[in-house]
Amino acid sequence: MTAMSSAVPPLAVVPASPVGKKRAARRVLPGFGLTLGYTVLYLSLIVLIPISALFFKTFTITWEQFWLAISSPRVLASYRLTFGASLIAALVNLVFGLLVAWVLVRYKFPGKKIVDALVDLPFALPTAVAGISLTALLAGNGWVGQYLEPMGIKLAFTPAGVVIALIFIGIPFVVRTVQPVLEDFEKELEEAAASLGATRLQIFIHVILPHIAPALLTGFAMAFARAIGEYGSVIFIAGNMPMVSEITPLIIVGKLEQYDYAGATAVAVVMLLVSFVLLLVINGLQAWQRRNSGAPT
Amino acid sequence: MKQAHTLVASRASGDTLPLDVKEGAELARAAVTEARWVRYALITVALLFILLFLVLPLAAVFTEALRKGLGAYFDALKEPDAWSAIRLTLIAAAIAVPLNLVFGVAAAWAIAKYEFRGKAVLTTLVDLPFSVSPVVAGLIYVLIFGAQGWFGPWLMAHDIKIIFAVPGIVLATVFITFPFIARELIPLMQAQGNDEEQAALVLGATGWQTFWYVTLPNIKWGLIYGVILCNARAMGEFGAVSVVSGHIRGQTNTLPLHVEILYNEYQSVAAFAVASLLAILALVTLVIKSVAEWRHEAEMKAIAALPPERPTA
């Protein structure tokens, strides 16, 4: 199926497209110029030119200003929180996302379709709503907080609250990347392993896990990337104390509110570069996934 | 395990199944699934996770909103500021979704139907807004259209306001929801290949006819799914819109921003009442999405069951 999509098989019956160029002759379907042209134009206007504005802005600040803005103790503390909390949240989602995907694909239980639909809730629910709702749950008088508080566990308005919010927004990523791969997994391989005497755990670790590893890591990287940029759900629950529970996107907003455009730009460039790197990593993982499932890229 | 072994072996060699087929089938299943208690334990833990992280937050929105009864709930929604926030949210989505729909279809057509140099780069760039922090997305528009931005002085001279006004909010929303529909359509159209479109062209259809009668019916569920997710995100976007909005009550407040203002003013019931509208929107989104998915699966199954030749997709 993917072999079909990667190349247009030359059809002898259909006259070559009116454009006499060599490359175009292979394109049987009309509309290539129009759709590609529009795609590139719209992409440039909405995404590429605005993003390049950010880099041009950095050229107007000196290197020392730039370095000062991105390495002040308060900003460094925000990196630690943002990356640390995102990493923990993505790891939690790695484990539980795999579990949920596994349960949804392999087992039957009442309400399965509802659970399956609910997994996408963090995509559909606005982050601000998630933020105030999680805060209400975890605050001292909330449904969950009232039981945790007497035990000395405080989640709202602490870095731990940031992790909770980031777990919430990252839930769908691992589930939705692993689920289709598990569904397509050939049971014959498991049967073969079982007939050779492997236990369930051995089968899972040596047969199933290697097969789903690329999808698992892709989902993990996506959840991590999303968590790093997340703003709406976190600012309500974090308490936003400088040096303690202030995330990097909030630093940018704070600098903007003080009309420190240069400082905001510098920190934004750092975040943007991290996004680029993560995007490339995710792309690499997806290519690996396609190879792993035996399809040509 | 031993019996399962023989069963698999006998199946492989084409022998007739042992007489106690039922028992054998159970053993075979036992070899490729977990013990009953493991299954139940895994299901329980997964459901607990879903309950704690998804169901509880959703339920909390509605209980907090109704904490002081239905009267207070509807009073919060009747407020003029809430109405202007609803209006602005609808405007932003009504502009952003069609724009990104046209783009999504065009991009998916170009990327899925043709081979060209730089295709991988283009696909990556389409994904870019997904990985950019919403705050950074808002900032880039401030840098272009803000008072100190590229076009700032020119806009000011012509008395056009983009930042801290409605156009800025629309632009930020378009950026944030940029890849949603394209991402949904590209893999779908790649999987379907070009065969049907080529057949239509051979039979004399024009390009538009081919798209309208052949491609569109094939991608309609994916299209609906993409549009509905794009819409949910457009109406719910907070970070990017927050940076460009300027938070002028009754003028540049979208629903999520209105939630924030009310919440920060300790009007908890009102904040959750407005939030409940967005939560209902999310639930409707999930229902439409699920129905679209089920219909798509049913259609796929019907196609797969068609004799005599199964499509390669």
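The model is predicted, so local features are given only at pLDDT of at least 70 and side-chain atom pairs only at pLDDT 80 or more, whereas totals for chains, interfaces and linings use all residues. Residues are numbered from 1 along each chain as its sequence is written, chains are lettered from A and ligands numbered from 1 in the order in which they are written, and side-chain values use heavy atoms, with hydrogens and water left out.

**Stop 1: chain B**

Select chain B, which has 15 helices and 0 strands; helices (H or I, at least four residues) and strands (E, at least two) are DSSP runs, numbered from the N terminus. Of the 313 residues in chain B, 51% are buried. Here buried means under 20% relative accessible area, exposed means over 50%, and partly exposed lies in between (1.4 Å probe, protein chains only). Contact means heavy atoms within 4.5 Å. Among contacts in chain B between residues at least 6 apart in sequence, 70% join residues at least 24 apart.

**Stop 2: the contact between the chains**

Display chain A as well. The contact takes 99 residues from chain A and 100 residues from chain B. Together the two chains bury about 9100 Å², 77% of it on carbon and sulfur atoms; buried area is the accessible area (1.4 Å probe) that two parts lose on being put together, summed over both.

Between chain B and chain A there are 14 residue pairs in polar contact, both residues at pLDDT 80 or more. A polar contact is a pair of N or O atoms within 3.5 Å; within protein, one must be able to donate a hydrogen and the other to accept it, and residues adjacent in sequence count only if both atoms are side-chain atoms. Next, select helix H3 (residues 36–65) of chain B, which gives the most to the side of chain B that touches chain A, with 19 residues. By class, that side of chain B has 69 nonpolar, 18 polar and 13 charged residues. Ala, Val, Leu, Ile, Met, Phe, Trp, Tyr, Cys and Pro count as nonpolar, Asp, Glu, Lys and Arg as charged, and the others, Gly among them, as polar.

The count of salt bridges between chain B and chain A is 2, a salt bridge being a side-chain nitrogen of Lys or Arg within 4 Å of a carboxyl oxygen of Asp or Glu. Select B:Glu34 and A:Arg200, whose side chains meet in a salt bridge (2.7 Å, N to O).

**Stop 3: the nonpolar core**

The largest nonpolar core has 199 residues. Such a core is a set of buried Ala, Val, Leu, Ile, Met, Phe, Trp, Tyr and Cys residues joined through side-chain atoms within 4.5 Å. The residues with the most contacts inside it are A:Leu54, A:Leu121, A:Leu125, A:Ile252 and B:Phe175. Centre the view on B:Phe175; its contacts, not counting residues up to four places away in sequence, include A:Ile46, A:Val47 and A:Ile51 as well as B:Pro129 and B:Tyr141.

Then select helix H14 (residues 248–257) of chain A, in which 8 of 10 residues are buried. The buried residues include A:Ile252 and A:Lys255. Just after this helix, A:Tyr259 takes a positive phi of about 60 degrees.

**Stop 4: salt bridges in chain B**

Over all chains, the structure holds 17 salt bridges. Select B:Arg233, in helix H12 (residues 207–236) of chain B. B:Arg233 is buried, with a relative accessible area of 15%, and forms a salt bridge with B:Glu237 (2.8 Å, N to O). B:Glu237 is buried too, at 3% relative accessibility.

Move to B:Arg183 and B:Asp127, which form a salt bridge with the closest N and O atoms 3.1 Å apart. The pair links distant parts of the chain, 56 residues apart: B:Arg183 lies in helix H10 (residues 180–192) and B:Asp127 in helix H6 (residues 119–131). B:Arg183 is partly exposed at 23%, whereas B:Asp127 is buried at 11%.

**Stop 5: two loops**

Select B:Asp159, in the loop between helix H8 (152–157) and helix H9 (166–176) of chain B. B:Asp159 has a positive phi of about 60 degrees although it is not a glycine, and is exposed at 73%. Finish at B:Tyr266, in the loop between helix H14 (255–264) and helix H15 (268–304) of chain B. Its phi is near 60 degrees, and B:Tyr266 counts as exposed at 75% relative accessibility.
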